[in-house]
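Please keep the model open while you read these notes. Each point takes up one part of the chain.

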Amino acid sequence: MIIHNLSEENSVLNQFISEVRDVHIQKDTMRFRRNIERIGEVLGYELSKSLSYNATTVETPLGSKPMNLSKDQLVICSILRAGLPLHQGLLNYFDTAENGFISAFRKHEGDADDFKVIVNYFAAPTLTGKILILTDPMLATGSTLENVLLALKEHGTPEAIHIVSVIGSRQGIDKVANIFPDNTHLWIAAIDPKLNTRGYILPGIGDAGDLAYGQKL
């Protein structure tokens, strides 16, 4: 897996990441969602540089101009519900992409720290021969993406996979790198060093789904 860690260079992305981490700013759910969306736009722009392009000609009112335009068929597939703002950020830039959605959630037994990931909904077009952009804002243990990869097999084999995440743990990234195909790219805004006993990223941001859409029952 090829890792593109955008935090290795300073950019406006630092501002967006700092605000989604800030315990005071993140209380504004609308601002939190918009910051995740803007992070998706930045990651999408960087991802676009790796796509394939064809030469074409655009007609203007006063003449014509040669341009290179992407020829890839994209499918943006997001993990509900936390992935929705990130999905929108990517869709703002890849507006002709097809869309997929998958429900994957952690199931803890009582107060136990251990959990299993349940996948119970997946809607997507065929992936065969296309570029799959898989969004998971918090790449924590890597178990969610592992289960998503298994579910993807029923929808065909993509030409390449691009995982887009806001924050990941080193442990989760290492796990994903071992189970995804070699032609997988990870585009990530920040990498944190460790997980707590419940499998949440430290220092992280908390629960991205709850911060974006409110606490679940």
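**Notes on the model**

1. A word on the source. This is a predicted model. Please read every value below as computed from that prediction.

2. Start with strand β3, which covers residues 63-70 and holds Met67. Is Met67 buried, exposed or partly exposed? Met67 has a relative accessible area of 37%, so the residue counts as partly exposed. The cut-offs for that class are 20% and 50%. Met67 also belongs to a nonpolar patch on the surface, together with Val58 and Leu69. The accessible area of these three residues together is about 230 Å².

3. Next, look at two packed helices. Such a pair is described by the angle between the axes and the distance between them. Helix α1 spans residues 13-21, and helix α2 spans residues 29-48. Their axes lie 9 Å apart, at an angle of about 145 degrees. The crossing of α1 past α2 is left-handed. Which residues make the contact? From α1 come Leu13, Phe16, Ile17, Glu19 and Val20. From α2 come Arg31, Phe32, Asn35, Ile36, Arg38, Ile39 and Val42. Check the spacing along each helix as you go. An α-helix has 3.6 residues a turn, so residues three or four places apart point the same way.

4. Move on to Leu211, in helix α6 (residues 208-213). Leu211 has a relative accessibility of 16%. Buried means under 20%, so Leu211 counts as buried. What is Leu211 in contact with, leaving aside neighbours within four places in sequence? The partners are Gln26, Thr29, Phe32 and Ile205. Phe32 also takes part in the contact between α1 and α2. Now compare Leu211 with Arg33. The two are 178 residues apart in sequence, yet their C-alpha atoms are 8.1 Å apart in space.

5. Helix α4 runs over residues 143-152 and is mostly covered. How many of its ten residues are buried? The count is seven. They are Ser143, Thr144, Leu145, Val148, Leu149, Ala151 and Leu152.

6. Now the charged pairs. Side chains of opposite charge can pair when their charged atoms come close. The model has nine salt bridges in total. A pair counts if a side-chain nitrogen of Lys or Arg is within 4 Å of a carboxyl oxygen of Asp or Glu. Three of these pairs are taken up below.

7. Glu41 pairs with Arg34, with 3.7 Å between the closest N and O atoms. Glu41 is buried, at a relative accessible area of 14%. Arg34 is partly exposed, at 36%. Both residues also sit in a network of salt bridges that includes Glu37.

8. Lys49 forms a salt bridge with Glu46. Their closest N and O atoms are 3.2 Å apart. Lys49 counts as exposed, at 54% relative accessibility. Glu46 counts as partly exposed, at 24%.

9. Finally, Glu98 forms a salt bridge with Lys130, with the closest N and O atoms 2.6 Å apart. Which parts of the chain does this pair tie together? Glu98 lies in strand β5 (residues 98-108). Lys130 lies in the loop between β6 (115-123) and β7 (131-135). The pair therefore ties together parts that are 32 residues apart in sequence. Glu98 is partly exposed, with a relative accessible area of 30%. Lys130 counts as buried, at 8% relative accessibility.

Methods:
Residues are numbered from 1 along each chain as its sequence is written. This is a predicted model: local features need pLDDT of at least 70, side-chain atom pairs count only at pLDDT 80 or more; totals for chains, interfaces and linings use all residues. Side-chain values use heavy atoms; hydrogens and water are left out. Helices (H or I, at least four residues) and strands (E, at least two) are DSSP runs, numbered from the N terminus. Buried means under 20% relative accessible area, exposed over 50%, partly exposed in between (1.4 Å probe, protein chains only). Contact means heavy atoms within 4.5 Å. Patches are made of residues with over 30% relative accessible area and no salt bridge: like charges are joined within 9 Å, nonpolar side chains (Val, Leu, Ile, Met, Phe, Trp, Tyr) within 5 Å. Accessible areas come from the Shrake-Rupley method with a 1.4 Å probe; for residues, only the protein chains shown count as cover. Axes are lines fitted to C-alpha atoms, for helices over the stretch in contact, and angles run from 0 to 180 degrees between N-to-C directions. A crossing is left-handed if the near helix is turned anticlockwise from the far one by less than a right angle, and right-handed if clockwise.
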